[in-house]
Amino acid sequence: MPSSRKMILKHVMSGICTKMNRKMKIPSDVMETPLNRCLHTFDITLLGIGHMVGAGIYVLTGTVAKDIAGPGIVISFLLAGLACLLSALCYAEFGTRIPKAGSAYVYTYITIGEFWAFLIGWNILLEHMIGAASVARAWSGYLDSLLGGVISNTTLSITGEMHEQLLGKYPDFLAFAVCIFYAMVLGIGVRHSALVNTCLTTINLFVMVLIIAAGLYTANGENWSKRGGFLPFGFSGVLAGAATCFYAFVGFDSIATSSEEAVNPSFAIPMATVASMCIVTIGYVLVSASLTLLVPYYDINPSAALPDAFSLAGLPWVKYMVSLGAICGMTTTLFGSLFALPRCMYSMAIDGLLFGFLGNVNSKTQIPQVNLVISAFASAVIALLFDLEKLVEFMSIGTLLAYTIVSASVIILRYRPTYEIAASKPLTSPGSQISASTSELTTPASELINLTGTLRVQYSWLGPVFGNCVPGSVVTGAVCVYTFFCCALCALFQVPNRDLQSGIWWTVVFASVFILVMAGSLTVICAHHQNPTNLQFKVPMVPFVPAISILFNIEFMVHLNLLTWLRFFVWMVIGMLVYFLYGIHHSKEGEGTSSYSILMTSSEAGKEKWGSTTKTNLKSVLTHRKSSSGDRSAIIDDDDDDDETE
């Protein structure tokens, strides 16, 4: 028996490190999907705006302005928007490369490996689940405040108060019902639910414009000079406000999640990402400025800031418009979370890392309907029991971790040779540029492809140290070193803050060493050749933009309290059990086949679809390039488009 146990243990543990570091290859059938590709750039842009403009503007703004930053909330939103924009650019590049559901999970799987991909995917599930629950709770709380506390008082009189510290004050049955109802709306199909989202988001944007116009029209500039002036809590209050305001922007990754249902993801995802981030950031800044100019920050009512502010300013009619916008805005935010959560579960399930039945897609609605039911019920139970403040804190940590790893993945993938990325060069969607796999056949760029991840000539002096390393491996190591010392630097700023400000010698020395090591890591990365693959969108100034994003995200993470980290640890332990007991043994990457190919029957796989690397398409591309030098039009001919439309 002991020898049998040893054999079993050896079998289970054999090659475990290799399995954990398995990387997904970009499949040749990258545009193939059982989901419904029906979303255009406008639909996806409004999906992103709707997901971001909700509880943040109607609930979060008043709390931050009164208790954390004062009128400095304007700067807080600018900083939070800038940090999120850097991460959003990284998501946009990956959305162009890999038009698949799963967002950061898929990106990490291709770049870093299976284990880290599972961690990110598991945290994305947490992010959207708690995101839906927190918005449902805010939706209920906002309506309750408008009705004078009727809902909460009635519930307390029936059920009594919950005295458990980790739970909310009372069970919120309205929030539970809201989650279930809006999940039913999403269940009718992505095309119809996108139309509902578009209508609600349009109303919300109209209300935002009204708030800004009415607020600035009746503004009183003296409100920014009372009780401490523009920064009554100092710049530290602005930074703390930025960490809190970060919650208002976390919905942009729903744009990347929708890439598998986008008609032309290579164009739509980056355009929708940049457009929605810019619109939302400008909107938040102007609304917060209007609020703090309308009434002094210390007179703001955190539970219903905007309606009360306009009532105090003598514009009670605006209150009703604001209430309409709040309901619409929080509804679209809830839509975004409940839209993204089932698709992330679906993406992990078809890769074998979650249970197989979660990869099923309803043939009629073309959505993962079982996942939607599970997501709605789980979010509804969380909304029923937990308080909004605890949910927001718990949500932020997983989101920031995902943003950090996606930013790091952009650097790693940019310096990795093409043959390590793609199993077969994927073709791009209609309306996009010709993929690098084709252009490299006829352009001088093909001569550079073998140089990717190797040292540049001007940095040949680093050859004795890095010259014999595998292409791309040095950059991966440098990114890990940079990220580690970012954590160390942010922790140094957080823990011995007084010593650092006082100039105590050891804190200054440590900070200087950390900064020098981070700068050295970036120098090593810049010393290598980037991958010259042509994409419709690339993050500018790599590795510096992703590196700054990593630093910002880690700085926000260290501001989270210890209890949040403990809850996060418990969630990760549960995830590790799922991965090591199920996912690592059922991963499709262990079978040597594309996880997306198996979704298609043999007859369907043989058809010429978008992204199928057939001889006919390749021949037509080469012929077209010979006749029109430098042309970068779509590689799918008209006949293919017609067939696909039919």
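**View 1. Counting the salt bridges.** In this predicted model, the count comes to 4 salt bridges. A pair gets counted when a side-chain nitrogen of Lys or Arg sits within 4 Å of a carboxyl oxygen of Asp or Glu. Three of these pairs get a view of their own below.

**View 2. Arg22 meets Glu114.** Zoom in on Arg22 and you'll find it in a salt bridge with Glu114, with 2.8 Å between the closest N and O atoms. Arg22 lies in the loop between α2 (16-20) and α3 (41-52), while Glu114 belongs to helix α7 (residues 114-146), so this pair ties together parts that are 92 residues apart in sequence. Are these two partners buried or exposed? Both Arg22 and Glu114 are buried.

**View 3. Glu93 meets Arg414.** Here the salt bridge is between Glu93 and Arg414, and the closest N and O atoms are 2.6 Å apart. The two residues come from distant parts of the chain: Glu93 is in helix α5 (residues 73-97) and Arg414 is in helix α17 (residues 388-414), 321 residues apart. Glu93 has a relative accessible area of 1%, so it counts as buried. Arg414 has 4% relative accessibility, so it is buried too. The cut-off to keep in mind is that buried means under 20% relative accessible area.

**View 4. Arg137 meets Asp172.** Now look at the side chains of Arg137 and Asp172, which meet in a salt bridge at 3.7 Å, N to O. This pair also links distant parts of the chain, with Arg137 in helix α7 and Asp172 in the loop between α8 (150-159) and α9 (173-186), 35 residues apart. Arg137 is buried because its relative accessible area is 7%. Asp172 comes out at 2%, so Asp172 is buried as well.

**View 5. A nonpolar patch on the surface.** Which residues make up this patch? They are Phe569, Val570, Val573, Ile574, Leu577 and Leu581, and together they have about 600 Å² of accessible area. To get your bearings, find Val570 in helix α24 (residues 562-586).

**View 6. Helices α5 and α23 cross.** The axes of α5 and helix α23 (residues 544-557) come within 9 Å of each other and cross at roughly 130°. That angle is why α5 and α23 are described as oblique to each other. Angles of 65 to 115 degrees would count as roughly perpendicular, and those over 145 as roughly antiparallel. As for handedness, the crossing of α5 and α23 is left-handed.

**View 7. Helices α3 and α15 cross.** In this close-up, the axes of α3 and helix α15 (residues 316-350) come within 6 Å and cross at roughly 115°. How do the two helices sit relative to each other? With that angle, α3 and α15 are therefore roughly perpendicular. Their crossing is left-handed.

View 8. Leu306 and Gly62 are 244 residues apart in sequence, yet 7.6 Å apart in space, C-alpha to C-alpha. You can find Leu306 in helix α14 (residues 305-312). Its relative accessibility is 3%, so Leu306 counts as buried.

**View 9. Ala275 and Leu46, another pair like this.** Along the sequence, 229 residues separate Ala275 from Leu46, but in space they are 9.6 Å apart, C-alpha to C-alpha. Ala275 has its place in helix α13 (residues 265-294). At 28% relative accessibility, Ala275 counts as partly exposed.

View 10. Most residues other than glycine have a negative phi, and most peptide bonds are trans. Now check out Met541: its phi is positive, about 55°, although Met541 is not a glycine. Met541 lies in the loop between α22 and α23, and with a relative accessible area of 60% Met541 is exposed. Next, look for the cis peptide bond that joins Val542 and Pro543, where omega is about 15°. Pro543 is found in the loop between α22 (505-526) and α23.

**View 11. A positive phi at Arg227.** What is the phi of Arg227 near? It is near 45°, a positive value in a residue other than glycine. Arg227 lies in the loop between α10 (190-217) and α11 (234-245). With 57% relative accessibility, Arg227 counts as exposed, because exposed means over 50%.

Note on methods
Residues are numbered from 1 along each chain as its sequence is written. This is a predicted model: local features need pLDDT of at least 70, side-chain atom pairs count only at pLDDT 80 or more; totals for chains, interfaces and linings use all residues. Side-chain values use heavy atoms; hydrogens and water are left out. Helices (H or I, at least four residues) and strands (E, at least two) are DSSP runs, numbered from the N terminus. Buried means under 20% relative accessible area, exposed over 50%, partly exposed in between (1.4 Å probe, protein chains only). Patches are made of residues with over 30% relative accessible area and no salt bridge: like charges are joined within 9 Å, nonpolar side chains (Val, Leu, Ile, Met, Phe, Trp, Tyr) within 5 Å. Accessible areas come from the Shrake-Rupley method with a 1.4 Å probe; for residues, only the protein chains shown count as cover. Axes are lines fitted to C-alpha atoms, for helices over the stretch in contact, and angles run from 0 to 180 degrees between N-to-C directions. Angles under 35 degrees count as roughly parallel, over 145 as roughly antiparallel, 65 to 115 as roughly perpendicular and the rest as oblique. A crossing is left-handed if the near helix is turned anticlockwise from the far one by less than a right angle, and right-handed if clockwise.
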